[in-house]
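This report describes selected features of one protein structure. Please examine the sequence and the three-dimensional view below before reading on.

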Amino acid sequence: MSRNRVQHQKGLSDDAFEQRYPDEAACRKVWFAWRWPEGFECPRCAGTAYSEIRDRHLLQCRRCRYQASLMAGTILQGSKLPMRVWFRAMPLLAQGKKGLSNIELGGRLGFSTSAASAVKVVSARSAARLRPSANARMPSASQ
Ligand SMILES: [Zn+2]
């Protein structure tokens, strides 16, 4: 399939992707490391102990009970798409394929054209922020 060829060029292969990001939890872990490279710090009281509120992408400070969002202030803020969709899309988008149509993108990533459009809108808004982290943590299969 042409889809495989494209993914080898533009990002991780299907297998590599599945291995590295098997589920939402794996993506959340990686995202967390982007967000708080030095470890969690409460925005309100600077406490570092937290509990994770699963399924809501929230971390609750154990000291003051402030709920910090994993997504707030990032490109994923307000996104209804699963993180894996983003992880899939980021290497493609990070390579600055400006000419990529929504239909093309949706087809490559296996989601709907409207979702592809949403991904593009959000990522265009923060391309500068997206690019370094995508390159640092998600190297493309360079062969
Ligand atoms: Zn706190």
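This is a predicted model: local features need pLDDT of at least 70, side-chain atom pairs count only at pLDDT 80 or more; totals for chains, interfaces and linings use all residues.

## The nonpolar core

The largest nonpolar core comprises 18 residues. Those with the most contacts inside this core are Cys27, Met83, Trp86, Phe87, Ala89 and Met90. Helix H4 (83-94), together with H3 and E2, belongs to the elements that each supply at least two residues of the core. With seven residues, H4 gives the most to this core.

In soluble globular proteins, nonpolar side chains tend to be buried together.

Cys27 is placed in helix H3, which spans residues 24-35. Cys27 counts as buried because 20 C-beta neighbours lie inside 10 Å, and 20 or more is the requirement for a buried residue. Leaving aside neighbours within four places in sequence, Cys27 is in contact with Tyr21, Met83, Arg84 and Phe87. Arg84 is 57 residues from Cys27 along the chain, yet their C-alpha atoms are separated by 6.5 Å.

Trp86 is in contact with Leu76 and Leu81, again leaving aside neighbours within four places in sequence.

## A residue in a loop

Arg56 is found in the loop between strand E1 (50-53) and strand E2 (58-61). Is Arg56 buried or exposed? Arg56 counts as exposed, because it has 12 C-beta neighbours inside 10 Å and a residue with 12 or fewer is classed in this way. Between Arg56 and Met71, which are 15 residues apart in sequence, the C-alpha to C-alpha distance is 9.9 Å.

Conventions:
Residues are numbered from 1 along each chain as its sequence is written. Helices (H or I, at least four residues) and strands (E, at least two) are DSSP runs, numbered from the N terminus. Two residues are in contact if their C-beta atoms, placed from the backbone, lie within 7 Å. A nonpolar core is a set of buried Ala, Val, Leu, Ile, Met, Phe, Trp, Tyr and Cys residues joined through C-beta atoms within 7 Å.
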